[in-house]
Amino acid sequence: MTRGIASAVALLRRLRQERAVVVLLFVLVAVTSLAVAAGPRLFNRVSDDGLRYAADHATAAQRNLQFLSVDRFEPSDGGPFDGVTARGASLRDGLPETVRGLIGQDHYVVDLPRFRVADPPNLRTFVTLRWQDGLDGRVDLVDGRWPLAVPPPTVAPEPGSPEAEAPPRFEFALSQQAADLIGMAVGDTWRANVDPSDPVLANVFPRPVTEVELTLVGRFTVGDGRAPFWFDDHALEAAGLAGPADDPIAYTTGLFAPDAYGDLLGLGIPASYHWREFVDTTRLDAGKVDDLVPELTRLEATYSSAGAIRSGSTIARTGLLDIVQRYLHQRGISTTALSIASLGPLIVAGGAVGLIGVLVVRRRHPALSLARARGASARQVLEAQLWEGVLIAVPAALAGLAVAVAAIPARASDLSGAGVIAVAGSAIVLLVAATWPVARRARRDLEREDPPAFRLSPRRLVFEAVVIGLSLAVAWLLRQRGLAATGVSGTSTGFDPLLAASPVLIGLAVALLTIRVYPLPVRGLGWLLARRRDLVPVLGLRNLGRRPTAGHLPLLIVMLTVAIGTFSSVVQITIERSQFEAAWRQVGADFRIDSPTGSGLAERIDPSAVPGVEAAAPGLIDSDVSIETSPGRRSSWLFVAIDPARYPAVVAESPVAIGIPAWFGRVAPDPTAGTPANPIPAALSTTLPTGSDEMTIGTTFQASINGRQLTFRVGGRVDAFPGIAARTPFIIAPYPVVAAAGRGSPLRPTTWFVRGPESLDGALRDLVGTGPGAAGVTSRYDRFGALHDAPLVAGVAGGFLVALLVAMAYAVVAVVAVIVLHAPRRSRELAVLRTLGLSDRQALGLLFLEQGLPVLLALAIGLGLGAGLAWFLAPGLNLAVFSDPASPVRLQADPGSLAAVAGLVVAVVAAAVALSTWLARRLDVSQVLRIGEP
């Protein structure tokens, strides 16, 4: 009891006397605990944001759920669509619990089979009558009125009269764009018949062809046709065109009166019902995806998601499962990448805590030696250090955890608590381990400040060789297998901690090799410089060789910091530049204007006249061109015609800049081009459609381009082309030649490629206009922003940056701690040397030698290690998932960033040397020489 009280008193006295050191250790452990506890919480927050971002940037049809059925829900006394809403509620209640919890709003759509107008004014016309709820405020009446149910005649018509023979009449409203297209005006009435080829009637026999009269009573406009409410269905907004160019067909959709629903069903036809369940993306929780994925899988298994809708059956369509699975794959890669980013600083932090612990013990060497000399056992010394570590580490770790929980509002993570416990335990173990050599040293060696020299045992060398071999083997396994673990379906199921830790294992192997090799050049230099008459080199190298604590540990910490900085810089630069290149590849220009229907753009759309446009090139795109690659075998290709004289200027000095070969670019437009006697030169992709035969150079083929049959000749093969997705079979032809082949009616461009600054976006959108049928403007800047600003991508880039800053901070603490805690010993040595004639310049040179040589070595090894890790781990990192998974990613480094990392380390060491010099000069020589005297 008395011994325990005495130990406690001695411990408290030590803590009081070394307040600065205690505060340093407390802050270091608290900050480390804060970082460890904050990491998982931040990642949970980024994960949630990433899942919501993926859903928000998907189309409405992809992220939401839709039930479809062909049936007849008769109207009731309560309302015409009570049966429809009841069926929708039943389907929604049958959803799995997690999926049902995501549903915010729900709406329904009722479509009747389409009617074929008997005598259309402009072009063949089909009309689908529709009603859907939630239209208030989303459609605006332009002229006329909303449709009403046509009441039956008050007096029954006489048999055989025209009134008795007249078919039933229904009122409807059309969008202004659709009405103008088909040539209908408000008040017009047209005879129409039920179209028996409508898929809704697939299971109805005999097929009805009932005749009706359709009266247009109103025209409307859609306020925002791109709003999620419309479910990517633009049928009400604009008419769809199909059929050949010389005989187009208009498919229109109009609104009927709800009160006429029963009369329409009285025609003996079924209806197509759509129940749309809208996912509230704010309810998406990445912590529940493990429940969401199997529920969505069971939903797809319960309801068929493809094929025709059969009468009485219900199918479900949603792309939410694909969105979640793609998100999980990207999150798996992000998790492992961030694990790699975080493990490095944690190792540096452990090294910093261990280094400070060793230095503290070295500083206490006289007191510990005195305690041992007066009879204190090794166990008592270690127990005192254990309790000191507990008193410092446990409150510091809890403080760090409390700050992380209070400062970061996010989902809790068990990893935060486990990490804090690991930090506190590691700090205690490191402090006890630092005391172990002194506590276990023989009493006869207690007066020596440095441990006696010893020879490495063969057992230790074998152990280190095994560690190095295993580290390299695991790293090679990572390169071959990849970081993210995958399931049978190929989707990411998480990450392998051992493989994610392989960079640290490689760093450990390099560190062990460095420690073993480091003394050799030091001894060699010492032997060579021993013949010099000056004292500085010999003394500096002797100190490096005899004091490994002040040499090896700072060397390893700085080396790991530089390696982390180099690796982080390479990864960040590679991701950012690959996103930049991916945006160029996807768009093919700074801006691209595309026709919404694939037909020629209006003549007024010519961006070359817009102020600020640096270059513009017209083009023609046909997304589905069928050609015969061999007798009897046809395949579909993407056809792109570009202007070889103007397009290179659009992509000049970009990552996708191209050169136009002479055979392609020097062909003059000719009205006879495109005939078998004068085929148009074309380049084909090396990627072929499934089942297609390869066509050799010089082969001719025919293709229908916007309804015109043209003949082409294969002049070359290319792997990729700007604006075309990877692995897409495509044909490239010169636009001027294709346009001139129109036989007096040139083919107008369907696309414009535009070069210009980001500020040009508004002017181009003003040029194409808004509303139904307006051309679309795609911006490379927006594509890059979407890739770069995605939460998971930004989280990875930010994580590597934070890892670098944290590692740099710990390196600063470690280097400064070496200087400050060694200040008394260094001051005593310099004082003794000054009495022997050492000048201030020589003292400064001695400091630079002791600190500079390890730093230079650490810089060289760290830069090589970081760059080598990036190259070695590139196949496993799969960085393409953050830009374009279909395209390979090339590792890229920025010399400026690497120079900044190295320069910052050098600046830290220089500042530490300056601090050491200042501390050494503060003390008077006579006072320093009396240190240690009674």
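Let's start with valine 84: beyond its neighbours within four places in sequence, it is in contact with Phe73, Tyr108, Val110, Tyr261, Tyr273 and Trp275 (contact means heavy atoms within 4.5 Å). This is a predicted model, where local features need pLDDT of at least 70 and side-chain atom pairs count only at pLDDT 80 or more, while totals for chains, interfaces and linings use all residues. Residues are numbered from 1 along each chain as its sequence is written, and side-chain values use heavy atoms, with hydrogens and water left out.

Val84 also belongs to the largest nonpolar core, which has 64 residues. A nonpolar core is a set of buried Ala, Val, Leu, Ile, Met, Phe, Trp, Tyr and Cys residues joined through side-chain atoms within 4.5 Å. Buried means under 20% relative accessible area, exposed over 50%, and partly exposed in between, using a 1.4 Å probe and protein chains only. Along with Val84, the members touching the most others are Val110, Leu129, Leu214, Tyr261 and Tyr273. Apart from this core lies another one of 54 residues, with Leu28, Ala38, Ala396 and Ile557 among them.

## Around leucine 28

Valine 813 sits in helix H25, residues 791–821. (Helices, H or I with at least four residues, and strands, E with at least two, are DSSP runs numbered from the N terminus.) Valine 813 is partly exposed, at 26% relative accessible area. Leaving aside neighbours within four places in sequence, it is in contact with Leu24, Leu28 and Ile356. Leucine 28 and valine 813 are 785 residues apart in sequence, yet 8.8 Å apart in space, C-alpha to C-alpha.

Phenylalanine 26 is in helix H2, residues 19–56, and is partly exposed at 32% relative accessible area. Together with Val23, Val27 and Val31, Phe26 forms a nonpolar surface patch with about 310 Å² of accessible area. Such patches take residues with over 30% relative accessible area and no salt bridge, joining like charges within 9 Å and nonpolar side chains (Val, Leu, Ile, Met, Phe, Trp, Tyr) within 5 Å. The areas come from the Shrake-Rupley method with a 1.4 Å probe, and for residues, only the protein chains shown count as cover.

## One side of helix H23

Helix H23 covers residues 761–768, and Asp761, Leu764, Leu767 and Val768 are its buried ones. They sit on the same side of H23, because they cover an arc of only 125° around the axis (the arc is that of the directions from the helix axis to the C-beta atoms). Their cover includes strands E15 (591–594), E22 (751–755) and E23 (776–779), plus helix H24 (780–788).

## Salt bridges

The structure holds 24 salt bridges, each a side-chain nitrogen of Lys or Arg within 4 Å of a carboxyl oxygen of Asp or Glu. In one of them, arginine 92 pairs with glutamate 277, with the closest N and O atoms 3.5 Å apart. Arginine 92 is in helix H4 (residues 82–93) and glutamate 277 in strand E11 (residues 271–279), so this bridge ties together parts 185 residues apart in sequence. Both residues are buried.

Arginine 780 and aspartate 590 make another bridge, with 2.8 Å between the closest N and O atoms. Arginine 780 lies in H24 and aspartate 590 in the loop between helix H19 (548–587) and E15, so the pair connects parts 190 residues apart in sequence. Arginine 780 and aspartate 590 are both buried. There's also a network: salt bridges with shared partners join Asp111, Arg130, Asp233 and Arg276.
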